[in-house]
Protein chains: 2
Amino acid sequence: MKKVAIGIDIGGTNTAIGVVDKEGNVMVKDNIATPSKDDIDQYISDLSDAIKGIIKSVKLLNEDIEILGIGIGAPNANYYKGTIEKAANLAFKGIVPFVELLKKNFRELPTVVMTNDANAAAIGEMIYGGAKGMKNFAMFTLGTGVGSGLVVNGEMVYGHDGFAGECGHTMLVADGRVCGCGAHGHLEAYCSAPGMKRTAFELLAYYNATDSPLANKSYNELDSKMIYEAAVAGDKIALEVFEITGEYLGQGLADTVHHLSPEAIFLFGGPTAAGDFIFNPTKEAMEEHLLPIFKNKIKILPSKLKPGDAAIVGASALVWKELE
Amino acid sequence: MKKVAIGIDIGGTNTAIGVVDKEGNVMVKDNIATPSKDDIDQYISDLSDAIKGIIKSVKLLNEDIEILGIGIGAPNANYYKGTIEKAANLAFKGIVPFVELLKKNFRELPTVVMTNDANAAAIGEMIYGGAKGMKNFAMFTLGTGVGSGLVVNGEMVYGHDGFAGECGHTMLVADGRVCGCGAHGHLEAYCSAPGMKRTAFELLAYYNATDSPLANKSYNELDSKMIYEAAVAGDKIALEVFEITGEYLGQGLADTVHHLSPEAIFLFGGPTAAGDFIFNPTKEAMEEHLLPIFKNKIKILPSKLKPGDAAIVGASALVWKELE
């Protein structure tokens, strides 16, 4: 009997659902829209139908299958309570008892568990990826924002309230850039994909760099992939964007090391596809900021989760972790 | 039979030894000099004699006693290896296998365990103090430096190498004050007792405050107790020192919350005797820097460990924690 877990990733506009085996392979997947209206009962009903649909289709592939549970990654998800609480990017207001509602439709599955997407990614890395066997590591996900998941003594750090691991909101620059959360100078405002764009625009303005290819893009057009392509082509502005992003990220990672001394820090997400452009300055800056006792000890590694499936796979890993 | 643990605190000049009961009461204590020469064998011999001496004297007090083990707090102590590694303030060079050496003289005691003093203080708080029953909390010790001990999921955070919890060396100010470690802008350079003195001297210079009582003290004379006394007497410079120290500390604590979301953060050490002078601005600044999801949730509390005995008591707590 092949054991599998269901992973669900709830994003702002799209909800992805997949059936994942113990090796992290997605056997079947599906999508439904995340509603833009605050109708949680309808959403739970639609989601349950979609889950039942893929369970049916995976059973058609292989009759001898056992489904161990459902893992869910969602913004502002509370691991302890199974709730989604005041998520700014979702239509649902207040505190939604998500796990409780979903469980009603899956009474045969004892394990239904949720956390935020960065924590799910960290557990995915631990169960399926590069962190197998590691007891102390951190995961930073660079995308629209910067998420993080922390693992200490082999266990996820949820904190006293279920919300720990918000390293994107540690402060790097006093009175610095406005962050998505409204505060100033947070890591996310510098090291997310939009943070890189902000750096690019600051540099264009600073150098009056009319000859950079980035100077031909509007603020709303430019994205981190264009910056990467310009860097590959040798554009000085784009190269400096990566240097600066890495300097800020390395400074932030050093603070995480001073807290937790992890064996490794994994980086995941769009900007990390730039490889050495981002990893080298990040590593250099982190080392520069570390106490001697931590120098040349902490690895910075690319995530081994496949970009397309990582969110589903990470969410499904919650189930395996729960059953350990 | 009354169960007790031995606590040893190794400081730069003095080594304190005590026998501590399960309630955290020090039954007997003694002191020997921490040597200024790198002769570890002599020190282990002297320390062993002193330990045997207090064991003898406590047995005279109460025949029905069982000694469970020895806990040691020391600078740069590695919990996993039982070593003291390259401690700047001790005479011993390189890596000293301290636990192994001491165990040779106490073969009847299976539990001999060591960590740094701030971690020992955190475990002391958990076993005997205000953190009883808490699974997630942090301890900051403000003194000559700033130490920290972090507890996650009920376990001490030692990290992959045994050295985690160096929050005094997280960076608050880019290119800020020189820290004892040689880097710039670390929390310790602002929030330790000497950090407060540095703030006082900056303020004296900024305001040209000839009428402050602090203006009559040399840099080497001034200490944090004098600043406290001046604040009590209403001196504006001294009051502003506490405001600024609290602002920096609160900013640093917010970074710790964004990592770990602890139930409480305990403050210990000389400067915390100033009570509201330091707790109020610290609390205010921390709240200001927190994500909404963490606001008005995290307690900042004074340590319940008695200042005089805290180091011995904290070290002894390692034994109880180990035997849990």
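In this predicted model, Ile265(A) is in contact with Phe137(A), Ala138(A), Phe140(A), Leu253(A), Thr256(A), Ile298(A) and Ile300(A), leaving aside its neighbours within four places in sequence. Ile265(A) also belongs to the largest nonpolar core, which has 202 residues. Among the residues with the most contacts inside that core are Val157 and Ile227, and they are listed for chain A and for chain B, as is Ile265.

Chain A is assigned two stretches of sequence, 2-129 and 308-323, as domain 1, while residues 137-302 form domain 2. The centres of these two domains of chain A, taken over C-alpha atoms, are 28 Å apart. Where they touch, domain 1 of chain A supplies 14 residues and domain 2 of chain A supplies 13 residues. On the domain 1 side, helix H3 of chain A (residues 117-127) gives the most, with 8 residues.

Chain A also touches chain B. This contact takes 35 residues from chain A and 36 residues from chain B. On the chain A side, strand S10 (146-152) and helix H7 (236-260) each supply at least two residues. The most comes from H7(A), with 6 residues.

Definitions and conventions:
Residues are numbered from 1 along each chain as its sequence is written. Chains are lettered from A and ligands numbered from 1 in the order in which they are written. This is a predicted model: local features need pLDDT of at least 70, side-chain atom pairs count only at pLDDT 80 or more; totals for chains, interfaces and linings use all residues. A nonpolar core is a set of buried Ala, Val, Leu, Ile, Met, Phe, Trp, Tyr and Cys residues joined through C-beta atoms within 7 Å. A residue is buried if 20 or more other C-beta atoms lie within 10 Å of its own, exposed if 12 or fewer, and partly exposed in between; C-beta atoms are placed from the backbone. Two residues are in contact if their C-beta atoms, placed from the backbone, lie within 7 Å. Domain bounds come from an automatic or database domain assignment. Helices (H or I, at least four residues) and strands (E, at least two) are DSSP runs, numbered from the N terminus.
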